[in-house]
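Subject: Structure handover, with notes on what was found

Dear colleague,

I am passing on the structure below, and my notes on it follow. Please read them alongside the coordinates.

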Amino acid sequence: MPIKSYLAHPITGMKNDLIVSLTQYEQCEVIPAENNEVVILITDTQDDTEEHILKEKIEAIPSLKLLAMVSGFNTTKN
Amino acid sequence: MKKRLGIISFFVILFITFIVIWNYSYKKGLEEAYIPIKEQSLDFGIPSEKGVFTRAEFALDYLNMPVDEAHQRSLETYYDNRAYPGAPPSIPHELLKGERGIGGKACLQCHQNGGFVDKFDAYAPVTPHPEMINCRQCHVAQNTQTLFAISNATKIQAPKAGVNNALPGSPPMMPHGIQMRENCLSCHAGPAAPKEIRVTHPERVNCRQCHVPDIREFADVEIFRRTNNHQNE
Amino acid sequence: MYTSTLTDRREFIKKMAILSAMTAAATMFPGIIFAEEQESNIPEGANLDWKKGPCRFCGVGCGILVGTENGKAVAVKGDPNSSVNKGLLCVKGYHQIMCIQAKDRLTHALVKKNGAYVKTPLNEALDIVANKMKETIQEHGKDAVAMYTSGQSTIPEGYVASKFMKGAIGTNNLDCNARLCMASAVAGFLTSFGADEPMGCYEDIDHADYFITWGNNMAEMHPVLFSRMLEQKNRRGAKIIDFATRTTRSSTASNRSILFEPQTDLAVANAICYEIVHNGWMNKSFVEKHCNFSKGLTNMGYGLEDNYSFNDKPSTIDFEAYKKFLEEYTPEKVAKYSKVSVKDIKYLAAIYGDPNKKVVSYWCMGMNQHTRGTWMNNLVYNIHLLTGKISQPGNGPFSLTGQPSACGTAREVGTFTHKLPKGVVTNEKHRRLAAKIWKVPYERIPPKPTYHATEMFRAVDRGDIKFIWTQVTNPLVSLPKTGRYRPGMEKDSCFVVVSDVFPTPTSDVADVILPASWHIEKSGLYGNSERRTQHWDKMVEGPGETTPDAWMTIEVAKRMGFGDLFPYSEENHVEEIYNEYRQFHEGPKHGMAPLEVLKKESGAIWPYVDGKSTQWRFNAKYDPACTNGEDFHFYGKPDGKAVIWERPYEPAPEVPDAAYPFWLNTGRVIEHWHTGSMTRRIPVLHKAMPGAYVEFHPEDAEALGIRNGENIKVSSRRGSCVLPASINERGLPTKGQVFVPFFDENMLINDVTLDAFCPISKEPDYKKCAVKVEKA
């Protein structure tokens, strides 16, 4: 059950669009920075496949300039 | 003959006395001109206890004070007028008492105990060291926004609120030094305290019962190691 | 969106992921801010599994809740249901679980073979211990083996140690480290009231108008109680008076700080009594009804020589004789040598003397670690008895403890050489009761006490004790004059077994090291200063072969052929032992709460009678054991009366002179607990207080040309220790005094201290000896 965190950089001026797009996926958790053009994104998925699919969807968001992974955890089911 | 000898020896004694006294006072004069050089103290990290309980008498007032959300400060702007974390903040407003105002007659009127200042539509921050009254020795005014020459000084990162706990839910350690800021309540309580660092329990005045300094920023403390090579005899 | 509650382990990991992302963002964008992060970055841990217990450290006995997750302890918070601390802890309490995972944790038994420690299966190590003990008894007799336990032993641990030594083997060679901290308090209670432990409780704090602390830095040593006092100071205007030899954090927070010359507290206490008697502030009807006057022997000596023995011979006196005795202690006379002004003495006396003010006196090591510690305890009781300010809400003397079960185990179970779970070995009735419950022949329990702590280690040094087993304690850091006792324990004449959680200077000299379970890795019971018994269940598994101390004692007893006396099961021994132990205290004077109650509630205060804790003993309103029909009944004494003692001022055994011009005082700091074997392995605490130091008064430092942080050699006639100087930082000793905290095993100040003790209680004085200081 992977949990990953990313720094999502929006295309300049489109931070709000990015936040709106990201929050549409229920596996995504979003923490926008107050004073910089960057958003923290946490993904929480059931398994690797779901994780892959989600990542492809996110990368297709037009307001997203760059997605940089920071950390990844994988927990066992318990 | 005897009489003459007496007179001569009297003058000889007088002369010797003169030489002794002159020499003595000359030496004394030299001594005073010498200023002993005191070696500097070594800081090994035990913070001073001075002022720990200074504002404790207001603890209950802090507790009962409603939060004025419209005028609260936040860490976002807190470091704006500080050159680096821990630097004396510059004065972000005009000098109300003029250039020659000092201590109790000027700055301390608002900054000793704080309170709302209509003119700036803000609460005055409380100084943790009201006993030092030559305020502008360290705190300077901002009289211009332009620079004489562009500076390359980089702003180092300020400590963050909310990430200083060792365990989930445990009391955070102090992420900053406390020299001249031994009195916690002056910055961490009251309406001028930045909202992120405003203490939720100002009534518990013995702050260092639970919060201890994390002094890594001054001297890196290694984890405890048994040395067993104590020099005792 | 982002919320601040934690729902499960995944949430926790998520928070960690967020944290790392934030850190990464912060390196890219210095000064970046994420809103509302004050409390939310690190989760509160709302959905961890929280289990209750008492704190592992001091004698206050705060209730803690330990958060566990997947079998690991990950968080601690104050137990809001505990009336002791009401949800608040101190920095040690909040971080206590962090020591468990220390890298150098003792996880397996170690047996010394040819000078090196060899990892050994626990079963084999216990065989070695049992065989060695058996052999030693066969060759040298029962009194050649000894056990030295602790005020940190749980009630079951202390109980099986006592049953094993006194009931199974039949020797009184059992003493504990509580001798070093609470013995004077015990002797004080027994001589004044005939019954050990305070009559009041912590709730006194909520009622008192004045708190007078005698040589007691509560802000650092009993911080949770001190915070309760500060709260009353702020809310109700209660006043705190700090009477001490050193200016500390407590002095700063107090309404008034009064400093005195070491040892003269005896004289000042008598001067307060003089003022009370001569100003007519005495509560005559109370004294007539409830008090006797006595005096004991004087010029008792200081126990500096081996095999020193002393027995007090009390004799009754009348009030006139007591009044005459007090003539020596007018404030004017006492002010001359105590360095306390006449005004201050009268001020203190007036507080105690005012019938409309409620006063609680608090003390701990300042009065107990005193060569006249028993006397000093008696004297403070005198003040409270003369004014009748005792055993009522907000009025009373209160002796604090330093260890979590100094009361519960050392004093109530009785792990002292002269004690039995009920009463003393010298009393035939008490021996018969113990023999009956233990199911051993009554003749087996010897009627004569043997070695108290200091004398026990002297006997090891002399070669009289050939086998010693220490549990839950670190004597080679905590004994006075360790310079003698370390080489003593290193001698081949004595086989040393050390049970501990971490390696210490004591385990360094062991022949066998047994790996003990830590606090929450076992079940147990502790008893705190206010007679509160608290139970906890095992919360996490210990690493490797770590085993509860009680179970290791039982295993050794079984191997020695005493299996029938220890018919307990490994899973349930705590419960079985406690139920057996409770029989000793049945009755209204000391009844203990049943285990079911202790499991449910955050502790209960004994005497626990008809389902109720007794908060104020000896007061007929609260204590069902009072039977004399009066308001008060001091039923510890046969005639129901407490004793006011004539106890004079006598000087300390070693006072500063030309060769050794400074007083040396030792003690603790808030960050570390006792010898630091646990707290120094907690990174938060170690970072805040990495090493010991020697405190100077600034004028002394200036005269000697000493600067802050410079290495200073502190030496006495016994040994020396090098430490950095600290000038006006944590504490400020009076002029002519230096102070050193004793937690640092790398700077052993107890090599310097004196092993003089109170002749009545046999508790050493760590607060006074003469030293010289020089730049190292």
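In helix H1(C), the residues Phe12(C), Lys14(C), Ala17(C), Ile18(C), Ala21(C), Met22(C) and Ala25(C) are buried, where buried means that 20 or more other C-beta atoms lie within 10 Å of the residue's own, exposed means 12 or fewer, partly exposed covers what is in between, and C-beta atoms are placed from the backbone. Their cover includes four strands of chain A, namely S1 (2–10), S2 (28–32), S3 (39–44) and S4 (64–74). The helix itself, residues 9–28 of chain C, has 20 residues and reaches 29 Å from its first C-alpha to its last, close to the 28 Å expected at 1.5 Å a residue, the expected span being 1.5 Å times one less than the number of residues. Helices (H or I, at least four residues) and strands (E, at least two) are DSSP runs, numbered from the N terminus.

Please bear in mind that this is a predicted model, in which local features need pLDDT of at least 70 and side-chain atom pairs count only at pLDDT 80 or more, while totals for chains, interfaces and linings use all residues. Residues are numbered from 1 along each chain as its sequence is written, and chains are lettered from A and ligands numbered from 1 in the order in which they are written.

For chain B, an unreviewed UniProt entry lists residues 7–26 as "transmembrane region"; UniProt positions are given in the numbering used here, feature names are shortened, and annotations may be inferred rather than shown by experiment. In the model that span is 100% helix and 0% strand, and its end C-alpha atoms lie 28 Å apart.

The domain assignment of chain C, with bounds from an automatic or database domain assignment, gives domain 1 (9–99), domain 2 (109–180 + 405–613), domain 3 (183–400 + 633–646) and domain 4 (662–775). The centres of domain 2 and domain 3 of chain C, taken over C-alpha atoms, are separated by 33 Å. Between these two, 11 residues of domain 2 are in contact with 10 residues of domain 3, a contact being two residues whose C-beta atoms, placed from the backbone, lie within 7 Å. On the domain 2 side, the elements that give two or more residues are helix H16 (406–414) and helix H18 (453–462) of chain C.

Two sheets of chain C may also interest you. One is an open sheet of 3 strands in the order S1-S2-S3 with antiparallel pairing, where strands pair if DSSP finds at least two bridges between them. Its edge strands are S1 (49–54) and S3 (72–78) of chain C, and S2 (residues 63–69) pairs with S3(C) over 6 bridges, with Lys72(C) in S3(C) as the bridge partner of Glu69(C). The other is an open sheet of 3 strands in the order S13-S12-S24, with mixed pairing, and its edge strands are S13 (315–317) and S24 (642–646) of chain C. Strand S12 (residues 291–295) of chain C runs antiparallel to S13(C) and is joined to it by 3 bridges, and Phe293(C) has Ile317(C) as its bridge partner in S13(C).

Lastly, Thr473(C) lies in the loop between strand S16 (467–471) and helix H19 (475–478) of chain C, and counts as buried because 29 C-beta neighbours lie inside 10 Å. Leaving aside neighbours within four places in sequence, Thr473(C) is in contact with Tyr148(C), Thr149(C), Ser150(C) and Asn177(C).

Best regards
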